[in-house]
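Subject: The structure we talked about

Hi there,

Here is the structure I promised to pass on. Have a look at it first, and then read on for what I found in it.

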Amino acid sequence: MISQKTYPIVLSIAGSDSSGGAGIQADLKTFSALGVYGATAITAITAQNTQGVNSQYALNPQMVYEQIIAVIDDLQPSVVKIGMLSNAEIVRAVAEALSKYSATMILDPVMVSSSGHRLLSIAGQEVVKEKLLPMSTLITPNIPEMEALTGMPLSTHKNKERASRFLLNCGANAVLIKGGHEEGDVKTDILYSRLENGELQINRFAAETIPTKNFHGTGCTLSSAIAAFMARGYLLNDAVLEAKRYVSEAIRAGADVKIGYGFGPVNHGFNPCKMIINNSSKKLME
């Protein structure tokens, strides 16, 4: 047996954002800023900027499948983050590729861009519930995404709990409802997770609302930050807490920086970590 060094590795399965603020690009920036190694499987290419999504092109589902298998077979990531999936065929390809692989899976159900462009078909939305929810360690919908997935309004805390129980009953291990679409000086994300005894555990993560137009890609950044912290060995609650802190500081650090003419990105690299290197004992093959 010898000691062999490795990085914490996260695979992001998501779409490309040509403006660099969201999607695969935001995921890779987040992974690098938090000291983990990022690999990717691109599902779609978008033509977008800070003002909105102009068009998108979904990749062949077989190519998506083969990207995932290539990364898994060689790099063996400990965490998988899933973002934009575009259509039902790609959702099925992703589910098939991951079906026999054991890893922590963070599902960010990207459905509609902030400018109103649909990024996941209605049929794909249903397949996400059927195929990917039962595989997910955590799903991170915003309020419109949660309402679309459950068909329930989220106007009260009781409604949010009811909708979360619905997704937990669909197979998800935990649900983080993001509060970014709500009004007020404080935005609160709520984590619902089922304990071993079947009871529901609820944790709230509040953060001060930062006045800025630069919040493009915050959902992608939060889910990839959670994935990064879990790859570093954090438990779910702690990973969410640290990811929330990272996103808040990234927003604050980029709040007064002008990128483009619309909603700009956060400052992913405001205080980057060095790449984390772990030691692991492995037996070399002859």
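The chain has eight helices and eleven strands. Its radius of gyration is 18 Å, close to the 19 Å that the globule rule gives for 286 residues, so the chain is as compact as a globular protein of that length. Please keep in mind that this is a predicted model. Taken along the principal axes, the C-alpha atoms fill a box of roughly 60 × 45 × 35 Å.

A few overall figures before the details. Of the 286 residues in the chain, 51% are buried. The accessible surface comes to about 13600 Å², and carbon and sulfur atoms account for 51% of that area. Among contacts with a separation of 6 or more, 70% are between residues 24 or more positions apart.

**The cores**

The largest nonpolar core has 44 residues. Ile 13, Ile 68, Ile 82, Leu 85, Val 94, Leu 98 and Leu 132 have the most contacts inside this core. Helix H3 (88–98) gives the most to the core, with seven residues. Apart from this core lies another one, of 30 residues, including Ile 226, Tyr 246, Ala 250 and Val 266.

**Helix H1**

Next, helix H1, which covers residues 23–33. Its buried residues are Gly 23, Ile 24, Ala 26, Asp 27, Thr 30, Phe 31 and Ala 33. What do these buried residues pack against? Their partners are strand S2 (9–17), strand S3 (37–49), S5, helix H7 (218–231) and H8. Just after H1 comes Gly 35, with a positive phi of about 80 degrees.

**Two backbone spots to check**

Gln 76 is not a glycine, yet it has a positive phi of about 50 degrees. Gln 76 sits in the loop between helix H2 (61–75) and strand S5 (79–82), and with 53% relative accessibility it counts as exposed. Ser 86 has a positive phi too, near 75 degrees, and is found in the loop between S5 and helix H3 (88–98). Is Ser 86 buried or exposed? At 10% relative accessibility, Ser 86 counts as buried, because the cut-off for that is under 20%.

**Salt bridges**

The structure holds nine salt bridges. Here are some of them.

- Glu 126 and Lys 129 meet through their side chains at 3.5 Å, N to O. Both lie in helix H4 (residues 122–132), three residues apart, about one turn of the helix. Glu 126 is partly exposed, with a relative accessible area of 39%, whereas Lys 129 counts as buried at 16%.
- Lys 131 and Glu 130 form a salt bridge at 4.0 Å, N to O. Lys 131 is partly exposed at 36% relative accessibility, and Glu 130 is exposed, with a relative accessible area of 52%.
- Arg 245 and Glu 242 pair at 2.8 Å, N to O. These two residues are separated by about one helical turn, because they are three residues apart in helix H8. Arg 245 is partly exposed, with a relative accessible area of 46%.

The spacing in such helical pairs has a simple background: an α-helix has 3.6 residues a turn, so residues three or four places apart point the same way. There is also a network, in which salt bridges with shared partners join Glu 208, Glu 249 and Arg 252.

**A nonpolar patch on the surface**

Finally, the outside of the model. Tyr 7, Tyr 37, Met 275 and Ile 277 form a nonpolar patch on the surface, and together they have about 370 Å² of accessible area. One of these residues, Ile 277, is placed in the loop between helix H8 (236–253) and strand S11 (278–282).

Do write back once you have had a look; I would be glad to hear your thoughts.

Best wishes

Terms used
Residues numbered from 1 in each chain as written. Heavy atoms only, no water. Helix = DSSP H or I, 4+ residues; strand = E, 2+ residues; numbered from the N terminus. Buried < 20%, exposed > 50% of the residue type's maximum accessible area, 1.4 Å probe, protein only. Core = buried A, V, L, I, M, F, W, Y, C linked by side-chain atoms within 4.5 Å. Patch = residues over 30% accessible without salt bridge, like charges linked within 9 Å, V, L, I, M, F, W, Y side chains within 5 Å. Areas by Shrake-Rupley, 256 points an atom, 1.4 Å probe, with all protein chains shown as cover. Rg over C-alpha atoms; globule rule 2.2 N^0.38 Å. Contact = heavy atoms within 4.5 Å.
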